[in-house]
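Here is a quick tour of one protein model, told through its side chains and its sheet. Have a look at the structure first, then read on.

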Amino acid sequence: MCPAWVLLTVCSLVLGTTGGPSQDSCSQVLHSGVKPGFPKTIKTDNPDVLRAARHSAERFNNCSNDVFLFKELRVRRALVQVVKGLKFMLDVDIGRTTCKKTGRPSLDDCDFQTNRTLQRALSCYSEVWVVPWLQSFQVPILRCH
């Protein structure tokens with residue numbers, strides 16, 4: 001049985017893609033047109049989307065040889081798919097920060113580069129799999145250019 005917060009997360013994502021709740025949220029979910037396995041557009045400022053974008057930036061940092069850390073600049077497009085958890089498909093821009101990898105500070109504390117010679121932004125496509133009830137995040141696909 002799923003914990004209540006998992007159901008609330010899925011419901012909020014479904015409601016976010018369908019325009020909001022009706023008087024009866026359960027019937028809204030059942031009749032929303034969102035079916036498991038079908039990707040739906042979701043708002044780019046949704047907190048779950050922003051968390052998924054952060055995981056994408058962290059994955060990039062783990063794979064990159066750059067001296068500086070990158071973090072998300074903005075999410076340009078977001079889709080979510082309900083399949084044994086949530087699969088986010090994101091078009092996200094990431095930018096180089098002033099924080100070096102050696103210290104491993106929190107990305108929240110890192111400002112973007114202001115030095116023009118060190119500024120760098122990349123456009124990325126990523127897929128982030130989230131299984132909330134297992135507190136699991138995976139980024140199996142990340143392509144940046």
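## Starting at Arg76

Let's begin with Arg76, which comes out at 34% relative accessibility and so counts as partly exposed (buried means under 20% relative accessible area, exposed over 50% and partly exposed in between, using a 1.4 Å probe and protein chains only). Before going further, some ground rules: this is a predicted model, where local features need pLDDT of at least 70 and side-chain atom pairs count only at pLDDT 80 or more, while totals for chains, interfaces and linings use all residues. Residues are numbered from 1 along each chain as its sequence is written, and side-chain values use heavy atoms, with hydrogens and water left out.

Arg76 lies in strand S2, which covers residues 68–82. Helices (H or I, at least four residues) and strands (E, at least two) are DSSP runs, numbered from the N terminus. Leaving out residues up to four places away in sequence, Arg76 touches Thr44, Asp91, Val92, Asp93, Ser123 and Cys124, where contact means heavy atoms within 4.5 Å. Cys124 is 48 residues away along the chain, and its C-alpha atom is 9.8 Å from that of Arg76.

## What the Arg76 side chain holds on to

The side chain of Arg76 makes a polar contact with the side chain of Ser123 at 2.6 Å. A polar contact here is a pair of N or O atoms within 3.5 Å; within protein, one must be able to donate a hydrogen and the other to accept it, and residues adjacent in sequence count only if both atoms are side-chain atoms.

Asp93 is the other one: its side chain meets that of Arg76 in a salt bridge, 2.9 Å from N to O. That pair links distant parts of the chain, with Asp93 in strand S3 (residues 86–100) and Arg76 in strand S2, 17 residues apart. Asp93 counts as buried because its relative accessibility is 12%.

How many salt bridges does a search of the whole structure find? It finds 8, each one a side-chain nitrogen of Lys or Arg within 4 Å of a carboxyl oxygen of Asp or Glu. One of them joins Arg51 and Asp48, at 2.4 Å from N to O. These two are 3 residues apart in helix H3, so about one helical turn separates them. Arg51 is partly exposed at 44% relative accessibility, while Asp48 is buried with a relative accessible area of 16%.

Glu127 and Lys87 form another salt bridge, at 3.5 Å from N to O. This pair also links distant parts of the chain: Glu127 is in strand S4 (residues 121–131) and Lys87 in strand S3, 40 residues apart. Both residues are buried. Elsewhere, Arg54, Glu72 and Asp108 are linked in a network of salt bridges.

## Rings and a charge

A whole-structure search turns up 1 aromatic pair. The rings of Phe60 and Phe70 have centres 5.0 Å apart and planes at 70 degrees, so they are edge-to-face. (Rings of Phe, Tyr and Trp, the last by its six-membered ring, pair if their centres lie within 6.5 Å; planes under 30 degrees apart count as stacked, over 60 as edge-to-face and the rest as tilted.) Phe60 belongs to helix H3 (residues 47–63) and Phe70 to strand S2, 10 residues apart. Phe60 is buried with a relative accessible area of 14%, and Phe70 is buried at 0%.

There is also a charge over a ring: the charged end of Lys71 sits over Phe112, 5.2 Å from the ring centre. To count, NZ of Lys or CZ of Arg must be within 6 Å of the ring centre and within 35 degrees of the ring normal.

## The sheet behind it all

Zooming out, 5 strands form an open sheet in the order S1-S2-S3-S4-S5, with antiparallel pairing; two strands pair if DSSP finds at least two bridges between them. The edges are S1 (40–41) and S5 (136–144), each pairing on one side only.

S2 and S3 pair antiparallel over 12 bridges, with Ala78 opposite Leu90 and Arg77 opposite Asp91. Their hairpin has 3 residues between the strands, and Lys84 there takes a positive phi near 45 degrees. S3 is mostly covered, with 13 of its 15 residues buried. S3 and S4 run antiparallel and are joined by 10 bridges; there, Met89 has Glu127 in S4 as its bridge partner.
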